Amino acid sequence: MLKTINWGIIGLGSIANKFATDLLTIEDAKLYAVASRNQDKADAFASKYNATKAYGSYEAMVEDKNIDAIYIATPHTLHKENTLLCLEHGKAVLCEKPFAMNADEVAEMIAKAKAENVLLMEALWTYFLPHYQYVLKALEDKVFGNLVKLEADFGFHRGFDDSTRLFNKSLGGGSLLDIGIYPIFAALSTLGMPKTINAEATYFENGADSSCTMLFDYDDTKALLKSTLLENAPTEAIFYCENGTIKINTMFHMPTTVTLIPKGGKPETIDFNYKTIGYNYETIHFNGLLRAGKTESDVMTFAFSEQLIKTLDAVRTKINLEY
């Protein structure tokens, strides 16, 4: 029997619900506590997922000595503050993407984790999904030869509502940080850091970006990336190689299928038979790190998180977006 990992959750919105749902499927892991600034909300969430404790403040929850790890699902602008609070109390932290608002904040979080010798990881769940790992291996093995071009997008239409976090610029709302991070992740995880970045954006009336198109230039290839809150986009990641194409079908960032299209050959679609929402894969990885006494992931490394936030910062500079 493995030691049961007692989890806490800070921030009880839609993503926290998905995380909690999949946590119930993991052996030797338990949702022990939840925290909200609203006690009634914490009580309701705890009841829904059978958590042992419900706290009306984050500060009270981090004092609970029975908690091993905390998942942070608050708005982007609070990630640094919440992470530092948890690390100061010796709690391992799985913090939702984007890790924080800029590279300086991420550097501070990583430095704190190292100083406290406590596990910290950015929760970019796509990295751990079996279909994405399959594609990474296929590209590494050059199944269709060298990668010559990547096209990745993420977009959906929702009526503008400045009162919701998605559109609230003061909370990091807009297309880039919320969904543009996924196409950027697809480029960085397969091609690395680009040589040059070009980007253009459109904006809502409150200054939050409504769409962003990006061109990443590499020595021998390009990545064409897009995020938008103005239309329902294909939300695919298509890797064009010398002898064929690997396509992660819609919605590429979450559990889905992969189609292999050899030049002159018949397409083959692979179904990974997902049974969960998909958050369990990153959590199982994190639990393994914690049990092994690790303080950094060998998949979602600090170096990769730093590259990701620096790339987001570079795109923001190109489109003159400030928070």
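**Reading the fold**

Author: Start with the inventory. The protein chain has 9 helices and 14 strands. Helices (H or I, at least four residues) and strands (E, at least two) are DSSP runs, numbered from the N terminus. The radius of gyration of the protein chain is 20 Å, close to the 20 Å that the globule rule gives for 323 residues, so the chain is as compact as a globular protein of that length. That radius is taken over C-alpha atoms, and the globule rule is 2.2 Å times the number of residues to the power 0.38.

Reader: What should I know about the model itself?

Author: It is a predicted model: local features need pLDDT of at least 70, side-chain atom pairs count only at pLDDT 80 or more, and totals for chains, interfaces and linings use all residues. Residues are numbered from 1 along each chain as its sequence is written, and side-chain values use heavy atoms, with hydrogens and water left out.

Reader: How do I read a sheet? Which strands form the parallel one, and in what order?

Author: The general idea comes first. Strands of a sheet pair through backbone hydrogen bonds, either parallel or antiparallel. Here two strands count as paired if DSSP finds at least two bridges between them. Now the case. An open sheet of 6 strands has the order β3-β2-β1-β4-β5-β6, with parallel pairing. β3 (53-55) and β6 (120-123) stand at the edges with a single partner strand each, so one side of each is left without a neighbour in the sheet. Neighbouring strands of this sheet are turned by 25° against each other on average, direction ignored. Axes are lines fitted to C-alpha atoms, for helices over the stretch in contact, and angles run from 0 to 180 degrees between N-to-C directions.

Reader: Which helix packs on that sheet?

Author: Helix α4 (residues 79-88) does, touching β1 (5-10), β4 (69-72), β5 (92-96) and β6. Its direction makes about 170° with that of β5. Contact means heavy atoms within 4.5 Å. Ala 33 stands opposite Lys 53 in β3.

Reader: And what is the order of the 8 strands in the other open sheet?

Author: The order is β8-β9-β10-β7-β11-β12-β13-β14, and the pairing is mixed. β8 (196-203) and β14 are the edge strands, each pairing on one side only. From one strand to the next, the twist averages 10°. Helix α6 (residues 130-140) packs on this sheet, and its direction makes about 160° with that of β12 (244-248).

Reader: Where can I see both senses of pairing?

Author: Look at two pairs. β7 (residues 147-155) and β10 (residues 222-228) are parallel, over 7 bridges. β13 (residues 257-262) and β14 (residues 268-271) run antiparallel, joined by 4 bridges. In β14, Thr 269 is the bridge partner of Thr 259. β13 and β14 form a hairpin with 5 residues between them. Gly 264 in its turn has a positive phi of about 75°.

Reader: Which non-glycine residues have a positive phi?

Author: Most residues other than glycine have a negative phi, and most peptide bonds are trans. Asn 50 has a positive phi of about 60°, and Asn 273 has one near 50°. Asn 50 lies in the loop between α2 (39-49) and β3. Asn 273 is in the loop between β14 and α8 (280-291). There are cis bonds too. One joins Lys 97 and Pro 98, with omega about -15°. Another runs from Thr 250 to Met 251, with omega near -10°.

Reader: Is Thr 228 buried or exposed?

Author: Buried means under 20% relative accessible area, exposed over 50%, partly exposed in between (1.4 Å probe, protein chains only). Thr 228 has 2% relative accessibility, so it counts as buried. Thr 228 sits in strand β10. Asn 50, by contrast, is exposed at 62%.

Reader: Which residues have the most contacts inside the largest nonpolar core?

Author: A nonpolar core is a set of buried Ala, Val, Leu, Ile, Met, Phe, Trp, Tyr and Cys residues joined through side-chain atoms within 4.5 Å. The largest has 114 residues, and Trp 7, Ile 9, Ile 184 and Phe 216 have the most contacts inside it. Helix α7 (residues 175-191) gives the most to this core, with 10 residues.
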